[in-house]
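Here are my notes on this one, for you to read alongside the sequence and the 3D view. I've kept to domains, sheets and cavities.

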Amino acid sequence: MAGASRTGGNLVEKETTETDAVAAVAIGLSAVLFALAIAAMFERISLTGTLAGVETVTLLGGLLTALGVAVIAFGVGSRFGSVETDPDPSAGIIAGGGAAVPWVVIGGAVASETLGFGTAVGAVAAVAAGAVAFAATVLPREDVGSTLPLGSLLAVTGLVFFTGVIGPTWVWELGWAQQAAITAEFLIPVATLFTTLYGGWASAKAYGGFGARGRHMGAYVLVYLNAISIVAFLFTLVAYVVVQGVPGLLNGADIGLGTGPETTILGVSVTLPVSVPFVMNGVALFNDFQGVLPAIVGTVWLVIGAVLLAVPLGVGAAVFLTEYADRGRFTQVVEVATNGLWSTPSIVFGLFGFAFLIPRFGNGKSLLSGMITLGFMLLPLVVITSREAMLSVPDEYRDASAALGVSKWQTIRSVVLPAALPGVVTGVILGVGRIAGETAPILLTMAGGTFIPESQTVDVIGSFQFTSAPPFVANPALLEATSALPYQLYALITAGVGLGSSVSDPNAFRWATALILLIVVLSFYAIGIATRYYFRRRLRHN
Amino acid sequence: MSENQNPQPQTGTATTDSDQSLTTTTGETVEQTRDEWTNYEFQGEAKMTVEDLDVYYGDDHALKGVSMEIPEKSVTALIGPSGCGKSTYLRCLNRMNDRISSARIDGSVRLGGEEVYQDGVNLVELRKRVGMVFQSPNPFPKSIRENIAYGPKKHGDLDTGLLARLLNRSDADERDRLVERCLRDAALWDEVSDRLDDNALGLSGGQQQRLCIARCLSVDPEVILMDEPASALDPIATAKIEDLIDDLSEEYTVVIVTHNMQQAARISDQTAVFLTGGELVEYGDTDQVFENPHSERVEDYITGKFG
Ligand SMILES: Nc1ncnc2c1ncn2[C@@H]1O[C@H](COP(=O)(O)OP(=O)(O)O)[C@@H](O)[C@H]1O
Ligand SMILES: [Mg+2]
């Protein structure tokens, strides 16, 4: 771009040049390295193996070195005017601090461990390395300051891996009283991940030509990489459970007319065209394939019961607090109490259920006790979120309704509550996510067992009985010990090896149980989100 | 159209007539309000009569001894600087001030001869007869149809619920007739007749305000109170609202607060001027108040010298 004089008034951005392309390639390289580091961390790629025909560690090292060299080349090129940029006088103190941190680690580790000078010298070296990196970032012009220290960091780290100084089998015994060591499997992905973040940041700044625009690009890339890593983490977690759980889940599954069990739907007896024994069977001696149906049904009823208890109570309390009670000491106390209840450990709720509810409901662990315990756990969140949602309903609606002569209660019912419903549903969704996976309260109030025969599947609807004496309705199913998925999972894990005789592959059985639990919770989520979407649609104009 | 945004202590103009002025301790002279300035004589019936109305918010004396008669089927404008108590006054007429816990009201307000501030007043009935339109349009986040049917439904005049539909007693036709009538009366029907089931929040600001007026008409009011109904609207939407108010005054008694003096002059039959401190200073025929006010402070306010 010789001759293109850079005056302050350039409105149109410069066209893409080869140097821009180099910076863009550097950003792309960072993204690839980032992905590789995450994959290595979750052992999706093996450090001892090869990747694209090269040993994995060597490849990572080579790529890191290349990225570092590219970053340095860009900065130095910019300093000597061969690359057109718009740098500030200094990269700034924050960038300096950011660059100093890894150099402190490297300086300290090299001096005290690699060179064996001991802790004191190591500390001095750490500070010195950090100070040099800080100065090298802050003192020169921004283009050099934000590339040279970080580029060298990448290059040094890359060379250490590339030359095999730290290879796939490297271990650093920490020599503590406890058994503790840093292994290559841990160090290499983590170091790659962090240095790559720095590399991506520096090359994004370079791509933006430094200055304000460069900083914008740098922040943009950092935020994106961060968001991607969160999503990747979540995705990996779910994927891991799915991969481990599917074999057990589909054990003996079959599709085809007449393969499934017979069920009665609306009074008509039909034979289902699919058969998934794991979710359709309990455990029985003569079953070909064992399953967890009783626990699934138990979990579903448990959540339904808790929601039925907590939502009316919680919304009612929120209505009272926001619409009727005067704001003051009393509402403040209630607020503190609800917040405190929400942070109360679940085992405490469980203990309450165990000590207070169980003696009152037939002196045995029962579904009802579990429902009530979890309902109380859910209650504070429902109160908090419903209150929040009602407070955010504009007072104009209440005024408009009152001016039409509509009573307060009718206003709450027809205007305030519908407007607050999406918020209430959000609270219930969050709460259900928590209680559906609770193990401790169930352990104390509902129990169940490791393997539950199909005959113990609760039938809440079918068990309602009408009696001639008060209370006129009875439901024995509610008073029976029932299992739920989290507890069954816990029981399966603690039961250890003793499972072998009942289930052909205990490990697959456990993972499949975990997967089912995940699916059940996610289904509740899906129902909640769909409900919220529906209510929101009604409140909005598109 | 100047408005005194910060209610300062009044520095009224000195008058030569010592009878009309009162020397304060600070040596400034403050014009003394005279009863005859607010004694508006008109033909026809008084729809609402306010006598010696005092309103306090805690220790804050927001309205001081206001008396005025509001003639039936006409437009009464209330003007005055911000914070002088216009909204407070308006809210007394349908007892919306009851909703403010710190407010205390003394005095008498009569609607067609019946005392509004007495024990046993049916607030539902009062607010049905004295409707209100607010400063910023506040339709409910419901469909246009539901917005208008809301009041009558809650009062049990319309039943379109599930049970009524099952029993084949649904008032859906009646409701649709009501919706159409109110929307026509509020000059909105032509713009929304094809999207009655759309959410009201999708309408423009001016349309929303006319919807609020239509909603107010749905319960058959006798008096319509409007608190700066056009202050959030653009000039074209404002003009539509003004035309609408003119039409409404043939059937309804309209009381409108505005800080736009041209608007008051254009649409009202009589004008009441409140000044800072919660006093009603002058009340009379709009032409008289604007062209030949008794009070010098009112003249200053109207000509923009005030404040
Ligand atoms: N809800 C309230 N609580 C306490 N004071 C209020 C309230 N509403 C109005 N006031 C006070 O009463 C006075 C008159 O207010 P308002 O009637 O809103 O005036 P205007 O409508 O003429 O601008 C002001 O001083 C205001 O601060
Ligand atoms: Mg006002």
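1. Domain bounds here come from an automatic or database domain assignment. On that basis chain B is divided into domain 1 (35-137 + 221-302) and domain 2 (140-202). Six residues from domain 1 of chain B and six residues from domain 2 of chain B make the contact, where contact means heavy atoms within 4.5 Å. Taken over C-alpha atoms, the centres of these two domains are 30 Å apart.

2. Some housekeeping before you go on. This is a predicted model, with local features needing pLDDT of at least 70, side-chain atom pairs counting only at pLDDT 80 or more, and totals for chains, interfaces and linings using all residues; side-chain values use heavy atoms, with hydrogens and water left out. Residues are numbered from 1 along each chain as its sequence is written, while chains are lettered from A and ligands numbered from 1 in the order in which they are written.

3. Now the sheets of chain B. Helices (H or I, at least four residues) and strands (E, at least two) are DSSP runs, numbered from the N terminus, and two strands pair if DSSP finds at least two bridges between them. One open sheet has four strands in the order 4-3-6-7, with antiparallel pairing. Strand 4 (60-71) and strand 7 (114-115) are its edges, each pairing on one side only.

4. Inside that sheet, strand 3 (residues 46-57) and strand 6 (residues 103-111) of chain B run antiparallel and are joined by eight bridges.

5. Strand 11 (residues 270-275) pairs with strand 12 in the antiparallel sense over six bridges, and Thr271(B) stands opposite Gly284(B).

6. Last, the voids. A cavity is a set of points, on a 1 Å grid over the protein atoms alone, where a 1.4 Å probe fits but cannot get out, and lining residues have an atom within 4 Å of a point. Grid points are joined across faces, edges and corners, and a volume is the space filled by probe spheres set on the points. There are two cavities of 30 Å³ or more.

7. The largest cavity holds about 80 Å³. Its lining includes Ala400(A), Leu404(A), Arg127(B), Phe134(B) and Arg215(B). Helix 14 (395-403) of chain A, plus strand 8 (130-133) and helix 7 (205-217) of chain B, each supply at least two lining residues.

8. The second largest cavity holds about 40 Å³. Val22(A), Phe74(A) and Ser203(A) are among its lining residues, and helix 1 (18-41), helix 2 (56-79) and helix 7 (184-207) of chain A each give at least two.

Key:
On a 1 Å grid over the protein atoms alone, a cavity is a set of points where a 1.4 Å probe fits but cannot get out, and a pocket is an open set with protein on both sides within 12 Å along at least five of seven lines; lining residues have an atom within 4 Å of a point.
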